[in-house]
Every structure is written in C-alpha cells, then in structure tokens.
Amino acid sequence: MCKAVTTTTSASSMWTCCAVRCRWGGTSGICVAPPPMLASLVPALRAWVSDPRDIHLEAFGPASVPADPSTRSAPPPVAWEVRLARTGRTLVWDGRDANLLDFAERNGVPLESGCRVGSCGACQTRLMSGGVRYPDPPQHTIPAGCCLPCIGTPASALLLDA
Ligand code: FES
C-alpha cells in the first residue's frame with residue numbers, strides 16, 4: 001500500500017507537484033511536474049496504488065490535474081438552471097460535465113482556475129443563490145456563500161457571481 005503526501009511549488013513557475021510515500025521498505029518518491037506530464041502521471045499513479053484515496057495531490061497556479069473519474073458522482077437526473085450574474089448568461093446544467101468549471105468552459109465562460117481538484121481555491125466563486133454539492137470534502141476551506149466550481153456540481157438552480 002502506498003501513501004502519497006505533501007506538495008510544494010516552485011517560486012519561479014507554477015507547477016503541480018505530488019509526493020508518493022510507500023510502505024514497502026520505506027520507499028518514497030516525489031514528482032514535481034508541469035500539467036502535461038501530470039496528465040499521464042496521475043492516471044498511472046491511480047492505477048498503481050491499491051487504493052486511489054492514498055494519492056494526495058495539490059496544484060497551484062495554472063497547473064491542472066486530471067480529475068479521477070472514479071470519484072465523480074453520477075450526473076443528476078434533473079436539469080438545473082445556472083445563471084451567471086456578471087456575464088449575464090443563463091445556462092442549463094444537464095449532467096454532461098464533471099463539474100461546474102468544465103461546464104462553464106464548455107459554454108464559453110472562462111473561470112479562473114488552478115489545480116482543478118479543490119485544493120488551491122483559485123476557482124472560488126461567490127454563490128449568490130442555490131446549492132453546490134461535492135463528491136468528496138474539498139481540501140480548500142470554502143467560505144460561506146462561496147463554492148468551488150472545479151469540483152462542484154449543482155444541487156439546485158444556481159446564481160453564481162461569474
Ligand atoms: S481550481 Fe483549485 S480549488 Fe478550484
């Protein structure tokens with residue numbers, strides 16, 4: 001069984017990094033990599049460990065980590081109206097996207113983002129009305145009245161400050 005721990009970031013660039021610690025003879029390793037490398041590394045790590053929950057990732061800045069499809073919740077059976085106050089857009093969530101960030105981007109609404117796994121807080125958006133659900137507890141503490149679009153999905157009709 002492996003246990004992945006901790007992260008760090010470079011002062012000169014915003015890379016994602018992760019560390020993996022294994023129980024076998026104290027073997028451990030750390031990987032610091034840009035998003036393209038992590039796009040192949042993270043799925044390989046998830047396939048390698050016996051329990052995907054043993055991998056802990058954090059990401060900073062523009063880096064992104066591919067979401068673990070096994071942690072995605074099933075799409076809701078109903079459609080929700082998602083209104084974006086600043087852009088004046090009204091969209092319909094149909095469960096096709098893994099999260100609200102993917103949903104916004106697919107609809108041509110770029111939102112600020114970083115890790116895309118709920119740890120950095122870069123995508124934090126004010127939730128003006130409605131509810132957002134998360135498949136797992138976010139690593140980033142979400143202030144009251146806000147949500148994390150990168151890992152959240154609508155639990156009701158939404159009005160976002162976006
Ligand atoms: S992009 Fe990092 S928490 Fe959403």
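The following is a chat about a predicted model of one protein chain.

User: What should I know about numbering and pLDDT cut-offs before I start?

Analyst: Residues are numbered from 1 along each chain as its sequence is written. The model is predicted, and local features need a pLDDT of at least 70, side-chain atom pairs count only at pLDDT 80 or more, and totals for chains, interfaces and linings use all residues.

User: What's the average pLDDT of the chain?

Analyst: The protein chain averages a pLDDT of 76, with 55% of the residues scoring at least 70, where pLDDT is the predictor's confidence in each residue, from 0 to 100. Over residues 1-14 the pLDDT is below 50, and in the model this stretch has 36 contacts beyond near neighbours in sequence, a contact being two residues whose C-beta atoms, placed from the backbone, lie within 7 Å.

User: How many helices and strands are there?

Analyst: There are two helices and 11 strands in the protein chain, taken as DSSP runs numbered from the N terminus, with helices being H or I of at least four residues and strands being E of at least two. Along the sequence the pattern reads β-β-β-α-β-β-β-α-β-β-β-β-β.

User: What order do the strands take in the five-stranded sheet?

Analyst: The sheet is open, has mixed pairing, and runs in the order β6-β5-β11-β7-β9, with two strands counted as paired if DSSP finds at least two bridges between them. β6 (89-93) and β9 (146-147) stand at the edges with a single partner strand each, so one side of each has no neighbour in the sheet.

User: And which way does β5 run against β11, parallel or antiparallel?

Analyst: Strand β5 (residues 80-84) runs parallel to strand β11 (residues 158-160), and three bridges join them; Leu158 in β11 is the bridge partner of Val82. With β6, by contrast, β5 pairs in the antiparallel sense over five bridges, and there Glu81 has Val92 of β6 as its bridge partner.

User: What's going on at Gly88?

Analyst: Gly88 takes a positive phi near 70 degrees in the hairpin of β5 and β6, which has four residues between the strands.

User: Switching to the core, which residues touch the most other members?

Analyst: In the largest nonpolar core, which has 21 residues, these are Val82, Leu101, Ala104, Leu127, Leu148, Cys150 and Leu160. Such a core is a set of buried Ala, Val, Leu, Ile, Met, Phe, Trp, Tyr and Cys residues joined through C-beta atoms within 7 Å. The elements giving two or more residues to this core are β5, β6, α2 (100-106) and β11, and α2 gives the most, with four residues.

User: Which residues does Leu160 contact?

Analyst: Setting aside neighbours within four places in sequence, Leu160 is in contact with Val82, Leu84, Ala85, Thr125, Leu127 and Met128.

User: Is Leu148 buried or exposed, and where does it sit?

Analyst: Leu148 is buried, because 28 other C-beta atoms lie within 10 Å, and this residue is found in the loop between β9 and β10 (153-154). A residue counts as buried if 20 or more other C-beta atoms lie within 10 Å of its own, exposed if 12 or fewer, and partly exposed in between, with C-beta atoms placed from the backbone. Leaving aside neighbours within four places in sequence, the contacts of Leu148 include Gly118, Cys123 and Pro138.

User: And where is Asn107?

Analyst: Asn107 lies in the loop between α2 and β7 (125-129) and is partly exposed, with 15 other C-beta atoms within 10 Å. Its C-alpha is 8.0 Å from that of Leu91, 16 residues apart in sequence.
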